[in-house]
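User: I'd like to learn how to read packing features in a model like this one. Could you walk me through a few?

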Amino acid sequence: MPRSAPPTAPLRTAADGYRKGEETRARILAVALAAFGNSGFAGVTTRQIAREAGVNLPALTYYFGNKRGLYLACAHAIVAGYREGMSAVALTAYAALREPLAADTARTLLKQLFAALARFLLAMPGIQNPSLFVQREIASPGPAFEILYAELWRPGIELATELIMKATDGQLTETQAQVRAVLMISSLTGFLSGLPVIARTAGKADYTALVIAALDDQIGSLPHTDCSRAP
């Protein structure tokens, strides 16, 4: 009776290799984002990141080229995350701004925009690391500044500014509206930086709801035309 052939290991498919490669790349990015956020561009080595990511140095070089390439990839990953989380509400606002827009509607859209931003930031896993990365680039512009400015900060500030101008019936100049927009965005990022301290001091709370309520109050306090006084 012929003996049966020994079982063979399943063949590794191209899809398996691609998936493993994407997992490795994502792991390196996550480690790099944390390292750069905590220590800055100059304070981290690719050897350190490779070791913490569980890969060899040639693997890191294969995916990102060098430390600058890895740093810029972190910035692009941050931008992609924001776009994925904010695209729906941003597209709604952009569409509304292409038509005549009443102040009350603009105010509602502004609240929806900042509520979505608060939910996105507070729900993002490991948000402290992207937040630190971004704050370092703001405080001391480095290799990723132009990417974050062109693809994240400027579009976000411009959208918020336009909504604020519509929400205030033009009572604010463009520069005044820009200042309000930056202050509101900065209040969110500042809150994220202080969240560990706040949570330790105040304990558990629904901080997302509290932040959204505070932002709603800021938007509600914007100057506007009192239609009830119109003749």
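User: How many aromatic pairs does the structure hold?

Analyst: Rings of Phe, Tyr and Trp (its six-membered ring) pair if their centres lie within 6.5 Å; planes under 30 degrees apart count as stacked, over 60 as edge-to-face and the rest as tilted. By that rule there are 10 aromatic pairs here. Take Phe36 and Tyr71: they sit edge-to-face, 4.8 Å centre to centre with 80° between the planes. Phe36 belongs to helix α1 (residues 14-39) and Tyr71 to helix α4, so this pair ties together parts 35 residues apart in sequence. Helices are DSSP runs (H or I, at least four residues), numbered from the N terminus.

Before we go on, a word on ground rules: this is a predicted model, where local features need pLDDT of at least 70 and side-chain atom pairs count only at pLDDT 80 or more, while totals for chains, interfaces and linings use all residues. Residues are numbered from 1 along each chain as its sequence is written, and side-chain values use heavy atoms, with hydrogens and water left out.

User: Are Phe36 and Tyr71 buried or exposed?

Analyst: Buried means under 20% relative accessible area, exposed over 50%, partly exposed in between (1.4 Å probe, protein chains only). Both Phe36 and Tyr71 are buried. Ring pairs also link Phe36, Phe41, Tyr71 and Phe133 into a cluster.

User: What lies over the face of Phe41?

Analyst: A charge sits over a ring if NZ of Lys or CZ of Arg is within 6 Å of the ring centre and within 35 degrees of the ring normal. Here Lys67 does that, at 4.5 Å from the ring centre of Phe41.

User: Which residues have the most contacts inside the largest nonpolar core?

Analyst: A nonpolar core is a set of buried Ala, Val, Leu, Ile, Met, Phe, Trp, Tyr and Cys residues joined through side-chain atoms within 4.5 Å. The largest one has 69 residues, and those with the most contacts inside it include Phe36, Ile49, Phe133 and Leu163. Helix α4 (residues 67-97) gives the largest share, 14 residues.

User: Which residues of helix α2 are buried?

Analyst: An α-helix has 3.6 residues a turn, so residues three or four places apart point the same way. In α2 (residues 46-53), Ile49, Ala50 and Ala53 are buried. Seen down the axis, they fall within an arc of 100° (taken from the directions from the helix axis to the C-beta atoms), so they line one face of the helix. On the other side of α2, Arg47 and Arg51 are exposed.

Terms used: Helices (H or I, at least four residues) and strands (E, at least two) are DSSP runs, numbered from the N terminus.
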